[in-house]
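Open the model in your viewer and keep the selection tool handy. We will go from stop to stop, and at each one you will find a short note on what to pick and what is there.

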Amino acid sequence: MDIDEGDGDEAEVRRGGGLTTGEVARRLGVAPTTVRSWDRRYGLGPATHTGGRHRRWTAGDLARLERMCALTATGVPPAEAARLALDETVSGTPPHAAGNPPVPQPVARARSRAGTGLRLGDVRQECKGVARAALRLDATALDALLDAAIEEHGLVAAWTEVIMPTLQAVGRKWESSGERYVEVEHFLSWHVSGALRRHTPCVPIDRPGATTLLACVPAENHTLPLEVLAAALAERGLPIRMFGGSLPVEPLVAAVRRTGPAAVGLWAQSRTTVSRPLAQHIAAIEWGVRGARRKPVVLTLGPGWAGQTTPGLPHPPGLAEAVAAVEAAVRR
């Protein structure tokens, strides 16, 4: 999916009788009040009206608003962007009544020359809205869209099907564009982290050995996937202790000895940060009374561990599998 192009769902929109203002806002990555403001100020509202209280937006209406978003994302003032979007309408617009905004006719979807060309592939529609909000550096809209995705789909599905594809698309874009769009990736990552924390409940530890310790291996600072796991575990009522990025060896070992966790998750983004001896050492730590000694289940998490694991150290391939592995370790 290219966020500057139509996504091929015009027929679906027409068959469904159009979209509500809220649905349009989610697809564009803007607040519903912004859509209404563009309608009121610039005449970018629905070309036709249907019965009932709620206005419906057709595929042509949506295309016009997408053009507006693409232009404003590059710094074009809203009034000028609206004029350009309206100029692309089909000729023959009927006169409008005095005091009412002009009613534009549907337009064919066209690639925006002013857009970023951020390609998302075959993903959920929410990705498009999240990407647009990130590109505009629109904090309010981005927070609202992230919260809505998590609340609607749950943390695991929201991460796997909405957040991660968008992060990957932004990462690919700046990698292929020199230093451009680095600010977008940082901005999006920061707001994703905030959304995860907002949806991470505080789960009390109801019995010894019921907690899970999560940390990046020494010299590893990519914490976002570990934050997602922490939030997903808490969402399921599993207590966690999160230590974040680049925890040195001695404090990591000390934390395991002090807490006696059922599971320890060690995240490594890069193979250069992986330490198999460290993982094996933690897996061998014992605690508890004589005759009932326990050891933690050590999960090697992240792409850095691919091909680096050893027997007895599970390497879950994804978030859902990691959640299941931790849950099994805590419930044993």
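Does Met 164 count as buried or partly exposed? Select Met 164 and you are in helix H8; at 28% relative accessibility, the residue counts as partly exposed. Here buried means under 20% relative accessible area, exposed over 50%, and partly exposed in between, with a 1.4 Å probe and protein chains only.

Before moving on, a word about what is on screen. This is a predicted model, in which local features need pLDDT of at least 70 and side-chain atom pairs count only at pLDDT 80 or more, while totals for chains, interfaces and linings use all residues. Residues are numbered from 1 along each chain as its sequence is written, and side-chain values use heavy atoms, with hydrogens and water left out.

**The whole chain**

Show the protein chain as a cartoon to see 13 helices and four strands. These are DSSP runs numbered from the N terminus, helices being H or I of at least four residues and strands E of at least two. Of the 332 residues, 48% count as buried. Switch to a surface: the accessible area of the chain is about 16000 Å², and carbon and sulfur atoms hold 53% of that. Such areas come from the Shrake-Rupley method with a 1.4 Å probe; for residues, only the protein chains shown count as cover. As for contacts (heavy atoms within 4.5 Å), among those with a separation of 6 or more, 70% join residues 24 or more positions apart.

**The nonpolar cores**

Next, select Trp 159, Leu 188, Val 192 and Leu 229, which touch the most other members of the largest nonpolar core, a set of 46 residues. A nonpolar core is a set of buried Ala, Val, Leu, Ile, Met, Phe, Trp, Tyr and Cys residues joined through side-chain atoms within 4.5 Å. Among the elements that give two or more residues to this core are helix H9 (182–198), strand E1 (212–216), helix H10 (224–235) and helix H13 (319–331). Apart from this core lies another, of 20 residues, including Leu 213, Leu 266, Ala 268 and Leu 278. In soluble globular proteins, nonpolar side chains tend to be buried together.

Zoom in on Val 192. Not counting residues up to four places away in sequence, Val 192 touches Leu 146, Trp 159, Ile 163 and Leu 224.

Then go to Leu 299 in strand E4. Leu 299 counts as buried because its relative accessibility is 1%. Beyond four places in sequence, its contacts include Val 264, Leu 266, Pro 314 and Ala 322. Val 326 is another of these contacts; it comes 27 residues from Leu 299 along the chain, with 8.2 Å between the two C-alpha atoms.

**A buried aspartate**

Select Asp 147, in helix H7 (residues 139–153). With a relative accessibility of 18%, Asp 147 counts as buried. Leaving aside neighbours within four places in sequence, Asp 147 is in contact with Ala 195, Arg 198 and His 199.

**Around helix H2**

Which residues of H2 meet H6? Pick Arg 26, Arg 27 and Leu 28 in H2, and on the H6 side Gln 125, Lys 128, Gly 129 and Arg 132. The axes of helix H2 (residues 21–28) and H6 come within 5 Å and cross at roughly 65°. Axes are lines fitted to C-alpha atoms, for helices over the stretch in contact, and angles run from 0 to 180 degrees between N-to-C directions. H2 and H6 are therefore roughly perpendicular, a term for angles of 65 to 115 degrees.

Now turn to H3 (residues 32–42), whose axis comes within 8 Å of that of H2 and crosses it at roughly 105°. This makes H2 roughly perpendicular to H3. Thr 21, Val 24 and Ala 25 of H2 make the contact with Pro 32, Val 35 and Arg 36 of H3.

**Two positive phi angles**

Finish in the loops. Leu 137, between H6 and H7, has a positive phi of about 55° although it is not a glycine. Ser 246 sits in the loop between strand E2 (240–242) and helix H11 (249–259), and its phi is near 50°. Most residues other than glycine have a negative phi.

Notes: Angles under 35 degrees count as roughly parallel, over 145 as roughly antiparallel, 65 to 115 as roughly perpendicular and the rest as oblique.
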